[in-house]
Amino acid sequence: SRAIKTNQDLLPETPWTHIFYNDFWGTLLTHSGSHKSYRPLCTLSFRINHALGGMDPWGYHLVNVLLHAAVTGLFTNFSRILFGDGYWTLIAGLLFASHPIHTEAVAGIVGRADVGACLFFLLSLMCYVKHCSTRSSSARAWGWILATGLCAGCSMLWKEQGVTVLAVSAVYDIFVFHGLRMHQIVPALCKRKNLSLFFSIALLTSWGTALLGIRLYWMGNKPPSFSNSDNPAADSDSFLTRTLTFFYLPTKNLWLLLCPDTLSFDWSMDAVPLLKAVGDWRNLHTVAFYAGLLLLAYSSLKGSGGERECNGKAVMNGKQNANGHSCHSETDYKTSEVKSSLSSKEENGVKKHGVQKLPLPSTENIVVLSLSLLVVPFVPATNLFFYVGFVIAERVLYVPSMGFCLLVTVGVRALYVKAQKRFLKNLVFCSTAALIVFYGLKTVVRNGDWQNEEMLYRSGIKVNPAKAWGNLGNVLKSQSKILEAESAYRNALYYRSNMADMLYNLGLLLQENSRFSEALHYYKLAIGSRPTLASAYLNTGIILMNQGKTEEARRTFLKCSEIPDENLKDPHAHKSSVTSCLYNLGKLFHEQGHYEDALMVYKEAIQKMPRQFAPQSLYNMMGEAYMRMSRLPEAEHWYVESLRSKSDHIPAHLTYGKLLALTGRKSEAEKYFVKAIQLDPTKGNCYMHYGKFLLEESRLIEAAEMAKKAAELDNTEFDVVFNAAHMLR
């Protein structure tokens with residue numbers, strides 16, 4: 001909703017350059033309440049979608065699916081570098097294409113940020129692979145590393161984690177292309193013949209430092225602030241609780257990649273209970289996860305001699321050819337550099353140059369690269385360097401899932417090689433095929449949950465009942481299922497009683513159904529939970545004003561108007577509520593005959609009014625106040641402004657018509673009265689105003705007809721019926 005539906009940066013009247021100064025939700029990056037999510041290229045793609053198809057969701061979904069298809073193709077192409085032309089590359093590609101964890105990123109429109117970032121992530125990585133293969137023999141190699149940096153920058157402008165591709169590229173260069181072990185890195189970098197490797201790593205480091213520096217400067221050198229419900233662990237006072245929970249969360253994320261059985265649109269609040277004690281059994285999962293990760297990393301970085309596998313073939317010291325490619329052994333990497341010299345051929349008397357085809361990397365090297373792809377892009381989401389605004393987010397796993405798919409593929413290949421019997425080999429192969437099928441089926445089922453909001457929120461009740469029931473209540477209310485919506489809101493509050501938004505939504509539902517005393521109770525609770533919730537003050541004031549408690553209403557509106565928008569998640573919505581409060585306060589003064597006070601309040605409202613606020617009623621009331629003070633030129637100015645901002649605003653037609661009649665422009669006035677009736681023929685008030693005009697013009701029969709029509713349409717409105725009787729008399 002905030003990223004697309006109410007985002008002013010998508011509208012054609014907003015200068016497109018605003019995209020580069022605002023965050024993902026359309027809030028100024030330097031604002032204290034900004035989320036600091038700087039994704040201008042993603043927002044730009046939304047704007048193009050909006051320009052081509054407005055708010056029709058079909059085009060947005062089409063772009064997401066096409067991007068996912070492109071990413072899958074690029075990932076499969078990258079897998080060929082690691083596994084060659086064969087089944088293993090196909091398996092890696094199919095695993096990625098079908099993994100259910102991608103559903104949120106692809107089926108949810110705002111997930112496009114992750115898919116777009118992954119697209120340029122892979123483009124950057126592929127450019128660096130090209131750079132490595134041409135580095136020692138072609139000047140174009142440095143053009144490839146420039147492209148690497150540019151694509152990394154674009155990836156970061158889709159989503160922040162895109163910049164991590166530079167670190168993954170360095171891992172590829174050191175551990176895959178050069179095949180170095182951990183103890184060989186420093187000696188290799190010190191050798192003159194590896195000067196190009198040193199320069200490449202230095203350039204990657206410089207690119208990364210520059211991009212991160214610019215990113216930090218652009219967001220105002222301040223981290224974002226989040227509410228307690230967004231990331232409860234970050235808000236905990238206990239260092240032990242924060243540490244245990246933050247160490248456990250990557251374990252939970254890996255489990256979602258391994259077994260994506262339980263998925264949810266939202267994992268905030270209490271979806272993952274905090275780990276408050278060392279005795280919590282979930283700490284065993286944490287220990288097992290990090291022990292396994294470290295063991296896998298250590299064994300791969302250390303390397304092993306003897307028999308190893310490469311692309312489904314057992315290899316002794318790299319001598320066996322596998323799938324048309326040689327596979328390096330430990331001794332092959334001692335030189336610390338794989339030569340990519342140009343091979344010269346004499347064909348038809350012409351010497352041709354081509355880059356030598358790179359040998360396939362060993363299993364250990366693929367594991368190192370896979371781990372880097374799994375871990376490094378996930379690091380920004382770990383709360384290690386700064387707190388993030390979520391507990392778990394499935395869309396964040398879109399890029400790391402590439403590393404997971406490579407790990408599974410290389411693991412299956414290792415099992416296939418180790419298996420001695422044909423039956424066991426077939427069993428490994430069939431099990432992998434079954435895994436892909438099950439992943440695909442789960443993705444299809446999960447897409448069903450994303451068909452509409454109601455199904456999505458119902459599917460999340462078992463993971464995050466408070467958030468799911470609250471959102472479901474909004475959907476049911478929009479479907480006019482009032483009793484079910486009220487029940488959903490109460491269910492949400494049962495699980496988390498201090499949710500200001502849910503308290504407010506329940507109050508609004510009760511207010512709309514004329515249960516005012518109950519509504520006031522819930523608005524009071526919402527304000528107590530979040531004292532800056534301007535919309536709760538606004539509706540409280542409106543109820544009090546309608547109940548004749550004008551002094552209480554005045555104090556409520558004034559208090560609302562003084563709430564600053566600092567550190568608020570949605571400052572635009574806050575400013576709209578504050579403007580509405582001032583508008584209603586002005587109306588209150590207007591009804592009491594304090595027109596000067598009303599004008600002062602209206603002018604303050606205009607100053608605080610955000611861009612997305614619809615100002616026609618405010619401008620019309622400004623005109624009314626000037627009219628009552630007999631300042632007709634000013635009144636006419638504001639009536640015209642009201643009609644300019646909304647040409648079909650009926651109250652402005654009626655008030656402007658009255659002013660025109662008062663100043664002797666009778667024919668022009670009649671046009672506005674007739675136009676008001678044409679805009680809404682069911683409003684008795686429009687006929688009444690026209691009838692009064694006709695009565696003043698002594699067109700009595702026509703006035704009587706208008707009076708009868710008005711009384712028929714608004715027979716419960718005292719003023720309308722009384723005035724109709726007066727005219728018939």
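Predicted model: local features only at pLDDT ≥ 70, side-chain atom pairs only at ≥ 80, totals over all residues.
I started with residues 51-184: their end C-alpha atoms lie 54 Å apart, and the span is 75% helix and 0% strand. Helices here are DSSP runs (H or I, at least four residues), as are strands (E, at least two), numbered from the N terminus.

Residues are numbered from 1 along each chain as its sequence is written, and side-chain values use heavy atoms, with hydrogens and water left out.

**Helix H27**

Next I turned to H27, residues 666-679. Its 14 residues reach 20 Å from first C-alpha to last, close to the 20 Å expected at 1.5 Å a residue; the expected span is 1.5 Å times one less than the number of residues.

Which residues of H27 are buried? I found Ala669, Phe673, Ala676 and Ile677, where buried means under 20% relative accessible area, exposed over 50%, and partly exposed in between (1.4 Å probe, protein chains only). Seen down the axis of H27, these buried residues fall within an arc of 100°, so they line one face of the helix. The arc is taken from the directions from the helix axis to the C-beta atoms. I recalled that an α-helix has 3.6 residues a turn, so residues three or four places apart point the same way.

On the face turned away from the buried side of H27, I noted the exposed residues Ser667, Lys671 and Gln678. The cover over the buried residues of H27 includes helix H26 (650-662), H28 and H29.

I checked Ser698 next, in the loop between H28 (684-696) and H29 (700-713). Its phi is near 60°, a positive value in a residue other than glycine. Most residues other than glycine have a negative phi. Ser698 counts as exposed at 57% relative accessibility.

Ser480 sits in the loop between H16 (465-478) and H17 (482-495). Phi of Ser480 is positive too, near 65°, and Ser480 is exposed at 59% relative accessibility.

Is Ser236 buried or exposed? I found Ser236 buried, at 15% relative accessible area, in the loop between H9 (195-218) and H10 (239-258). Leaving aside neighbours within four places in sequence, Ser236 is in contact (heavy atoms within 4.5 Å) with Thr241 and Arg242.
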